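Visitor: I have a structure to look at, and I would like to learn how to read it. Where do we begin?

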There are 2 protein chains.
Amino acid sequence: MSAPARMIGVGVGPGDPELMTLKAIRTLREVDVVAHFAKAGNASHARTIAAAHLRPGVTELALRYPVTTESPKDAPAYCGKIDAFYQDCAVAVAAHLDAHRSVAVICEGDPLFYGSYMHLHVRLAARYPTEVIAGVTGMSGCWSAVGTPIAQGDDVFTVLPGTLPEADLARRLADADAAVVMKIGRNLPKVRRALDRAGRLGRALYVERGTMTDAVMMRLADKPDDAAPYFAVVLVPGWEKST
Amino acid sequence: MSAPARMIGVGVGPGDPELMTLKAIRTLREVDVVAHFAKAGNASHARTIAAAHLRPGVTELALRYPVTTESPKDAPAYCGKIDAFYQDCAVAVAAHLDAHRSVAVICEGDPLFYGSYMHLHVRLAARYPTEVIAGVTGMSGCWSAVGTPIAQGDDVFTVLPGTLPEADLARRLADADAAVVMKIGRNLPKVRRALDRAGRLGRALYVERGTMTDAVMMRLADKPDDAAPYFAVVLVPGWEKST
């Protein structure tokens with residue numbers, strides 16, 4: 001192909017294929033190889049989003065995570081396994097680059113914001129020409145779907161993983177004007193208690209599959225149960241016009 | 001026109017027109033009126049980004065801020081003036097909606113993330129059909145241009161306005177894994193001291209016009225002066241792969 005051998009991290013946005021950028025689409029038309037991360041046994045979400053824009057017959061490189069369940073991130077066995085996995089991924093991508101094939105690594109949301117792509121970036125960007133194409137983040141997709149102004153003016157805005165200890169969550173929620181809590185899943189009861197301790201439960205919104213057609217959104221205080229997928233988010237809007 | 005009367009907040013991304021989404025572009029083709037905020041005497045940045053996608057002859061509504069300089073946000077005269085301005089803007093947009101004309105309000109970045117659009121949203125969304133189209137944020141544009149992984153895994157990520165007092169900035173910078181400091185301008189010396197007090201100056205990156213062709217990026221510690229535009233940002237990456 002005509003494009004020089006380079007790696008491109010391509011953000012494909014939060015889920016709605018129409019939230020892909022022109023630059024992402026042009027890049028997918030130009031590259032030799034499209035790589036995507038997915039859980040073992042699952043289709044890659046990024047590939048599903050971008051499917052209509054892959055060239056017919058383009059080479060695909062599926063990077064399949066070795067584990068499918070949430071594991072404590074500091075468990076040594078898990079860390080070793082996942083680190084070896086990212087190393088193998090980097091070797092596979094580098095093999096294409098060494099053969100003068102350009103590789104787009106497609107990513108849900110934005111590649112450098114909590115994305116798997118950055119594990120390739122830190123291993124390869126110093127050795128190969130590399131470019132990153134920003135994408136609409138999942139959290140932007142969520143607050144836009146809900147139509148909720150999240151932060152304004154001099155607001156302090158914070159993104160918190162639901163995996164934090166309850167006391168730490170409560171302290172940080174009370175200390176920020178606006179917040180997004182990610183990685184909800186089985187952390188929801190704890191997140192709910194932390195919001196209550198911080199005095200923010202009344203403003204919190206629960207969003208599931210925010211930019212899909214089957215999105216679920218409600219005030220968290222109205223959610224009658226604690227069942228939640230890992231990728232649900234809780235939004236705490238910082239700003240409210242009083243008039 | 002065929003589209004029903006509704007207001008749409010349209011994110012046009014951080015600056016590069018290629019970072020507009022398909023949905024933003026389709027919407028601009030469909031609406032009757034395109035509204036945009038700008039400083040008095042300046043072209044609207046959002047309009048410049050979206051210019052190629054405006055329908056020839058589309059009605060434009062320019063919303064011009066009454067003030068051009070940075071003012072203390074709590075100065076009563078400033079607040080009254082700016083509040084009256086947003087109220088006038090809402091009346092102007094509502095007049096089009098009442099005449100059954102659809103109105104796209106185009107916004108740099110993402111409409112509900114520190115955007116002027118939300119001043120219209122809170123005044124009109126309860127009265128008219130309203131939709132928000134998420135966009136790539138300015139900060140995503142910046143860290144992608146620099147190629148810097150900003151946050152990963154269980155990182156706590158925080159957005160801070162450079163207008164905060166130095167001690168508060170220093171405390172919050174020390175408390176977050178990753179941070180973006182916005183509204184730099186004349187706050188740069190203070191931001192620099194706060195980063196130093198937080199032990200984060202060595203990791204901080206200074207970015208000016210992040211997604212323009214004339215972007216300036218450097219380690220903040222290497223920047224020899226304190227001259228900075230208001231829209232410069234400082235990135236503090238939270239995550240670094242040690243291998």
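Guide: Begin where the chains meet. This is a predicted model. In it, 58 residues of chain A touch 58 residues of chain B.

Visitor: How is the size of an interface often given?

Guide: Often as the accessible area lost when the parts come together. Here, chain A and chain B bury about 4,900 Å² between them. Carbon and sulfur atoms give 56% of that area.

Visitor: Which three residues supply more than any other three of the area that chain A buries against chain B?

Guide: They are A:E18, A:L22 and A:D154. Together they supply 13% of what chain A buries against chain B.

Visitor: How many salt bridges are found across the interface of chain A and chain B?

Guide: The rule finds 10. Look also at the side chains of B:D16 and A:K23, which form a salt bridge at 3.5 Å, N to O.

Visitor: Now the helices. At roughly what angle do the axes of helix 6 and helix 7 of chain B cross?

Guide: Roughly 45 degrees, and the axes come within 8 Å. The crossing is right-handed.

Visitor: Which residues make the contact?

Guide: From helix 6 of chain B, find B:E166, B:A167, B:L169, B:A170 and B:L173. From helix 7 of chain B, find B:K190, B:V191, B:R193, B:A194, B:L195 and B:R197.

Visitor: And by class, what does this contact hold?

Guide: It has 7 nonpolar and 4 charged residues, and no polar ones.

Key
Residues numbered from 1 in each chain as written. Chains lettered and ligands numbered in written order. Predicted model: local features only at pLDDT ≥ 70, side-chain atom pairs only at ≥ 80, totals over all residues. Heavy atoms only, no water. Axes fitted to C-alpha atoms, helices over the stretch in contact; angles between N-to-C directions. Helix = DSSP H or I, 4+ residues; strand = E, 2+ residues; numbered from the N terminus. Left-handed = near helix turned anticlockwise from the far one by under 90°. Contact = heavy atoms within 4.5 Å. Nonpolar A, V, L, I, M, F, W, Y, C, P; charged D, E, K, R; others polar. Buried area = accessible area lost by both parts, 1.4 Å probe. Salt bridge = Lys/Arg side-chain N within 4 Å of Asp/Glu carboxyl O.
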